[in-house]
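Here's a quick walk through the model, from the chain contact to one helix pair. Have the viewer open as you read.

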Amino acid sequence: MAFPTFRSRPQFSILLASLLFLVATPAAAQDWFRTGTGLGVEKPRVAVADFAPRSPSSQPLANIFSTVLRADLEFSGIIEVVSKSMNPLQSPSVPAELRHAEWNAPPADAHLLAYGNLSASGNDLVIEAWLSDARNAQAPPVLGKRYRGEVTDAEIRRFAHQFADEIIARLSGGTPGVASTQIAFVSTRTGSKEIWAMDYDGSNQRPLTSLRTISLTPRWSPDGLRIAFTCYGLAGGVTSAQICLYSMETGKPMAFMRYKGTNSSPAWSPDGSKLMFMSSMHGDPELFMIDATGSNLRRITYSAGVDTSPAWNPRTGQQVAFISDRGGLPNLYLMNADGSNVEKLELPDMGYVVDPAWAPNGQLLAFSWRRPNGNYDLYLMDTASRQIVELTRDAARNERPSWAPDGRHIVFESTRTGTRQIWTMLADGTQARQLTFEGHNESPNWSPK
Amino acid sequence: MRSRSKYALLSLVVLILFAGACRKQAVAPPPAAPPPAPPAPARPTVTLQASQTFIQRGDGVTLSWSSTNATELALVPGIGRVSPEGSTRVTPADSMTYTITATGPGGTADMSVRITVAAPPPPPPPPAPKATIEELFRTNVKDAYFDYDKSDVRADARDALARTAEFLRSHPEIRVVIEGHCDERGSTEYNLGLGERRAQAVRQFMISLGVSADRMDTVSLGKERPFCTQSSEDCWQQNRRGHFVMAR
């Protein structure tokens, strides 16, 4: 990993709480900040036993389930997953076979154990999965789930994600896991920029659009059923940037209003009823709002220069962060959704700020900041205290953050491998993980559920 | 015995006969002179006239002819056998020589007449081929380059646009799309806005130079269609521009 070693990387815990204890201390003569989060919070230690195949031929299927489940729990950021090599030799397939002492004792030292069995007969798949307290032999399992479906790798992955989310929700005080979520993004793999989607862990990458023009800036609707994006289409006899919608239900683009000029960067209101977007239909690029049904267009901003990249506060629905170059360089602004109360979010030095993204808690804003030294890095601002945390550093260009619905993860694009690819990380900047490898991939957006 | 005497008698007769024949040949009279030849038939004559010998394309002309001593008359091209005397109307598309040939017992005779067909006035020259206009466009239309993160028309861009405006004023039939382009720095979204601002700045400047507003549309391509793909200032400068495209 390309992160510098001099930066402290404390154990990460529940970000929402911990960021309130942020200590943002500008280091003398340096332009970054040192952070300390989640101090003293112990993560539960969870072991994942190999799931038992009910027939020898279903061994590979059981392996998929165990592997995906383990990866999901590791990714969650709130669980310490016991290394597989520490597991006792015998894996229980049902609660009656669990020998608590073996799992609770060193080297496994597990607090909790996930285990179960998988049977596949014909096209009928049944998975039984439990989570038990390894320290209490008397207690019934914390969780018991039975999944039934088709015998396909995709189905097994889906069930593993669901079981992982159950465990994560249990251990995180109710914040759901993100193992069943999707990430929309833009890829050049087919020769033109199209909208793609993938599972949150990078599997199942597939194109959604095939418009063969330029498709950009996908944004999931809050119900996850539509994606608004920037497309190129005819308006007034000229091909220009327009707002397009894609239906996840029908797998097809949907018609939407077209306007002369450049129309881009659609953002959903948290209730999914409205879209805010940039349009030059009146000349200067300004922000406009329209009902998702295509009616009730109204202009929101009035200022010389570019106003774009609206991001609707997902908690309040009243506040919108956006980017404007009305003061010279593009910078971060806040306003009410009706355009009133415009306020610049001042940053410590000259810079170039783009790509605002609200955390689900409606308090933290992630953004890309081009520093005077030419670096592009991701930062977080606590909009209440205005404190700033650096998330990436010295790893080429890092841009376009988007939050996972758990508020613990961020997906972004980075050129650290030499090509532009999609990465995820925990919201404290640790555990960076590359999701795409083929072609040029950008503009990720995490699905809301 | 009797037959041998008969042969002898026959031989004698033959001898006498031969002897007589020889004598007669010697006294045969000279052959008679041939009879005088009949008088030779008269040579045919033919005349061919045209009502006009100079016509406009599409006009008709009457050919008329008469002949003597002809048993067969042929008028070419395109008509064939005709009666000894007559007329016909022709409409030659191009200048043409008509020839009538009379054939009779006394020989042949012919006569030609040339009809000159005036070419119609030449069609107006086809509009200059498209490639030429496109070449002119390429040579005369200059893009405007911009500073980093700016959409003001620079001094060098003013000169370029003055040339462009001159060309467009002299070719009022040409419509243009002005594309705004940006370098790779900054976000996709911000650059779409900045590109639009650049395209509009170029359009406004062209309007101030007398190019009609309704001939110019603007489009922003942000940083999506770079002219140059390296990460260097030279390359970035290439990509920060208002680019003219001829509308079709």
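This is a predicted model: local features need pLDDT of at least 70, side-chain atom pairs count only at pLDDT 80 or more; totals for chains, interfaces and linings use all residues.

Residues are numbered from 1 along each chain as its sequence is written, while chains are lettered from A and ligands numbered from 1 in the order in which they are written.

Let's start where the chains meet: 17 residues of chain B touch 27 residues of chain A, with contact meaning C-beta atoms, placed from the backbone, within 7 Å. On the chain B side, α4 (188–208) and β11 (216–222) are the elements giving two or more residues, and α4(B) gives the most, with 9 residues. Elements here are DSSP runs numbered from the N terminus: helices are H or I with at least four residues, strands E with at least two.

Chain B also splits into two domains, with bounds from an automatic or database domain assignment. Taken over C-alpha atoms, their centres are 70 Å apart.

| Domain of chain B | Residues |
|---|---|
| domain 1 | 45–118 |
| domain 2 | 130–246 |

Over in chain A, helix α2 (residues 59–76) packs on helix α4 (residues 153–171) at about 40 degrees, axes 8 Å apart. Axes are lines fitted to C-alpha atoms over the stretch in contact, and angles run from 0 to 180 degrees between N-to-C directions. Among the residues making this contact are A:Phe65 of α2(A) and A:Phe163 of α4(A).

Definitions and conventions:
Two residues are in contact if their C-beta atoms, placed from the backbone, lie within 7 Å.
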